[in-house]
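The sequence and structure come first.

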Amino acid sequence: MPELPEVETIKNDLSPYLIGRTITDITLTWSKSVIKPSSLELPGRLIGQTIKDIQRRGKYLIFPLESGQYLIMHMKMSGSLILKAASSQEEVRFSRTIFTLDTGERLHFIDPRKFGMIWLIEDKEEVVGKLGPEPLEPAFTPDTLSKILSNRKAPIKALLCDQELIAGIGNMYADEALFASRLHPYEIGGNLDDKEVTLLHQGIISVLRAGIAHYGASTSDYYRPDGTKGMAHMFFNVAHRGGKSCPVCGTTIQRTMVRNRGTYFCPECQKLRQP
Ligand SMILES: [Zn+2]
């Protein structure tokens, strides 16, 4: 699933092409992705609208429109946005929604597994209002993280993936952040001491920044808007590396389940403390 670094890359890549452009047509081939308004109403309300900016909040991509409304997308399991030139005749596989721009370019929402979501709304808080803080904002300090985790009884891996606690971290970057801070994914969030919280805070920021610097991770269906893959997965230490050797100690990386999420860790570098 695209996480903060993948959605940030999509935003950065699309901004020069989309800001100031007007949407002149929309083709929906999988109408269930439209959450609000209805898929029947969406074309009439969206066509003619001009994109004023592109923003990211957590894993959501937000397009503020000149009208004051917001077009919002969530890639969910397998979504990507691919931008095709006006002259392109190439068929785009798994294209579920096509936005045509006044330049003739077409923005395809490709989504093999069909879990992606689209909204056109007046108040963006309706969609993103419950999200926790942005981990790359200066306001996200070790103290912020400490307050988020205090008294929590859940495994730290599950807490890191909870969008209402911290926005944008998912399976891959949670595993990487826990490896970076040498914490076992089952460690109880509320049991971390100040030093561990500070290391985890640094780990979160460094793995997310590295993910953005390498244009996101293409472990499955994620592509950049030009159709190329991200490179961040090539630098992963544990995520999606089950059965391979830990780059630090050589121990075989294990895969386990934490609250139904596939989780990778090094059993030597990330020892579970004794209860
Ligand atoms: Zn190790």
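Q: At roughly what angle do the axes of helix H4 (residues 142–149) and H7 cross?
A: In this predicted model, the axes of H4 and H7 come within 9 Å. They cross at roughly 115°.

Q: Are H4 and H7 roughly parallel or roughly perpendicular to each other?
A: Their axes cross at roughly 115°. Angles of 65 to 115 degrees count as roughly perpendicular. H4 and H7 are therefore roughly perpendicular.

Q: Is the crossing of H4 and H7 left-handed or right-handed, and how do the residues of their contact divide?
A: The crossing of H4 and H7 is right-handed. The residues of the contact of H4 with H7 divide into five nonpolar, three polar and one charged.

Q: Which residues in H7 do Pro142, Leu145, Ser146 and Leu149 in H4 meet?
A: These four residues belong to H4. Their partners in H7 are Asp194, Val197, Thr198, Leu200 and His201.

Q: Are helix H6 and helix H7 roughly parallel or oblique to each other?
A: H6 (residues 171–180) packs against H7 (residues 194–213) at an angle of about 130°, and their axes are 8 Å apart. Angles over 145 degrees count as roughly antiparallel and 65 to 115 as roughly perpendicular, with 35 as the limit for roughly parallel. H6 and H7 are therefore oblique.

Q: Which residues in H6 meet H7?
A: On the H7 side, the contact holds Leu200, Gly203, Ile204, Ser206, Val207, Leu208 and Gly211. On the H6 side are Tyr173, Glu176, Ala177 and Ala180.

Notes:
Residues numbered from 1 in each chain as written. Predicted model: local features only at pLDDT ≥ 70, side-chain atom pairs only at ≥ 80, totals over all residues. Axes fitted to C-alpha atoms, helices over the stretch in contact; angles between N-to-C directions. Helix = DSSP H or I, 4+ residues; strand = E, 2+ residues; numbered from the N terminus. Contact = placed C-beta atoms within 7 Å. Left-handed = near helix turned anticlockwise from the far one by under 90°. Nonpolar A, V, L, I, M, F, W, Y, C, P; charged D, E, K, R; others polar.
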